[in-house]
Amino acid sequence: QLHYSVPEDREPGFSVGDLAKDLGVEVRSLAARNLRLVSEGGQRHFQVDLAAGVLLLDSRLDREALCGQSPTCSLHLQLVMENPLQLHRVEVDVLDVNDNAPQFPKPEVVLEITEVANPGTRLPLEVAEDPDMGSNSISTYELSPSKHFALSINVRGDGVKMPEIVLEKALDREKVPVHHLTLTALDGGNPVKSGTARVTIHVLDANDNPPVCDPPISKVLLEENVPVGTLVTKLNVTDLDEGPNGDVEYSFKTSNNAPGKFTKLFSLDARTGEIRTKAPLDYEESSAYEIAVRARDKGSPAMEGHCHLRVELIDINDNSPEIVLTSVSSPVQEDAAPGTVIALIGVKDSDSGDNGQVRLQIAKELPFKLVSSFKEHFSLVTSGPLDREKASGYNITVRAVDSGSPQRATQKTFYLRIADVNDNAPNFSSPFDTAHVQENSLPGTSVFSVSASDPDEGSNAKLSYSILDNGMQDAPISTYFRIDQDNGTIYTVRALDYEQDKVFQVPVEVKDAGSPALSSTAVVHVFVLDENDNAPNIVYPSVSKGSAFHQAIPALAEPGYLVTKIVAVDADSGHNAWLSYQLQESAEALPFQVERRSGEIRVAQALRESEDSHRLVVEVRDNGTPSLSASVVIVISPEENSVQDFSKSLDLPQPSSEDTNLTLYLIISLVSISLV
């Protein structure tokens, strides 16, 4: 809290205080931090010079207009700075200068006094008024020299000096019927200012006892908000005269240029002297009232006395606290550190004492707390971690309760939105997936769609998919598959060959658009389904295209004699690789047969002597759909004394370890596909 003072007569542009120095910040940072001035009143009297970092006077101040007769005059301001959000309170005392001269309610005062008045008789005078305060207010009174009259000054309960003219020497109306005096009021300023009033005193006969108020100055305590018509007091006035000279009438004593405000709030019975309320009284508007009453008899000439009553109000708790949200930072990042200022809150209560002592409360389950900045100002700060995915915002209710009896409370609710930060990585529905695709499918065939979710929002939850290269194939995986980065659908880039690659591991990465971006991966196992795209390949006998294989057998070979064996393989798998052997139909009946599964060619019936050679066409066909086939031409020649060493003639290749492994893989793939 900053404290400055400025005399009321300074011109606009006067430097009140060095804000940058007193706040401990650099001048060049004030504009960036958006330093601004918030006045707690309705008028704007000050401005901030951001270039110089000083508080300047925006308009000329009039202390009397701002604070009236208050002994102190302070203007309360609020300075708000951002990045980080801060609130500073500035209190500026407006210092009084002697810019007002004393002034009497009337330029001429006419008084009457009986000639039989005894020395010591007092004639009350109107009090001069000076809007200035302190030493600049009225200091003393002076009376022009007189043989019969002197000036006496009494001090009222509130410190106001009351001049009275005192008779020092007996009067003789026949010699001097009228006395002319000059009353001067002087203030305590430098230089001294003064005001005068002409006093005319008429000397009369007869009624020589004025009404007397007992006591002349009294005080009454009264609760605010008492019902209209409540009796405040009854004046005790006596007049020693009899008849009309002792019959007293009461009236309020006011000045013409400043009529007493109390006349709107209090009524006076002119006959009984009872003072009652005639309007509601409010302690917050004024805590005390000074009432002047004139008691005047009906003598001729009339004489009067004066009673002074001070009514002091007792405050009751009739005002609820007021909550003022000076500034709210919404939204707030969910990763805001504990202690981050969320809002600046002010509280007011027009009551005084315990009735004006206010405390603020918020719900304990909220991740926020209230920190007192200075008197009647609080900061709402974070007290724990925030998580937008659990709570995207909070309805914060601030409750203000005073300490009066009974207590009064006010509450205000505002909504605080939590802004998302990229603190959650995307998550696949499954880290491993399995897909199947037919070999030889056209490029662009949809294989599988992966799906991921991200609990963040906005760009932090915008996902894009990509395929990573795992190095498991000879060529990059991107040459086989591509993925739609928006919906995660995997497509083929080229036709796949089951005989070359039977299964692919496709690593898929999903990444959000946050900063920094977060990602996660999943693996899709793509199994290639076999298609009957390979015809059987005859391994033995190996003959060139268009040629025939010649095989000699004994001329007397018996039925069942093994002539030779056809060996063929098929690169496909499963049903597509199941082979069957058969002889193509011919015009003549052949004495040979082919074993359907093994491919063995045997003698089916006894051969005749001098039988010519036989031409056989053996067809090898797979079990695929459609079925594919291959054929070989074998010429069998019966010869005398021909003995075949079939183990030598059937020069079959021996299976290698690689062929054994290949067979194992084919069996595993077949079982897996059948199971699916």
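Let's start with Asp93. Is this residue buried or exposed? Asp93 counts as buried, because its relative accessibility is 18% and the cut-off for buried is under 20%. Keep in mind that this is a predicted model.

Where does Asp93 sit? In strand 7, which runs over residues 86-95.

Now its surroundings. Leaving out residues up to four places away in sequence, Asp93 touches His3, Tyr4, Ser5, Val6, Cys73 and Ser74. Take His3 from that list. The side chains of Asp93 and His3 make a polar contact, at 2.8 Å.

Next topic: the second largest pocket. Its volume is about 1100 Å³. The lining has 41 residues, and those closest to the pocket centre are Arg122, Leu123, Pro124, Glu304 and His306.

Which strands build that lining? At least two residues come from each of these: strand 8 (108-114), strand 9 (122-124), strand 12 (161-167), strand 15 (212-213), strand 22 (288-297) and strand 23 (304-314). Strand 8 gives the largest share, with 7 residues.

And the domains? Domain 2, residues 108-204, supplies at least three lining residues. Domain 3, residues 212-314, also supplies at least three.

To recap. Asp93 is buried, and its side chain makes a polar contact with that of His3. The second largest pocket draws lining residues from domain 2 and domain 3, with strand 8 as the top contributor among the strands.

Methods
Residues are numbered from 1 along each chain as its sequence is written. This is a predicted model: local features need pLDDT of at least 70, side-chain atom pairs count only at pLDDT 80 or more; totals for chains, interfaces and linings use all residues. Side-chain values use heavy atoms; hydrogens and water are left out. Helices (H or I, at least four residues) and strands (E, at least two) are DSSP runs, numbered from the N terminus. Buried means under 20% relative accessible area, exposed over 50%, partly exposed in between (1.4 Å probe, protein chains only). A polar contact is a pair of N or O atoms within 3.5 Å; within protein, one must be able to donate a hydrogen and the other to accept it, and residues adjacent in sequence count only if both atoms are side-chain atoms. Contact means heavy atoms within 4.5 Å. On a 1 Å grid over the protein atoms alone, a cavity is a set of points where a 1.4 Å probe fits but cannot get out, and a pocket is an open set with protein on both sides within 12 Å along at least five of seven lines; lining residues have an atom within 4 Å of a point. Grid points are joined across faces, edges and corners, and a volume is the space filled by probe spheres set on the points. Domain bounds come from an automatic or database domain assignment.
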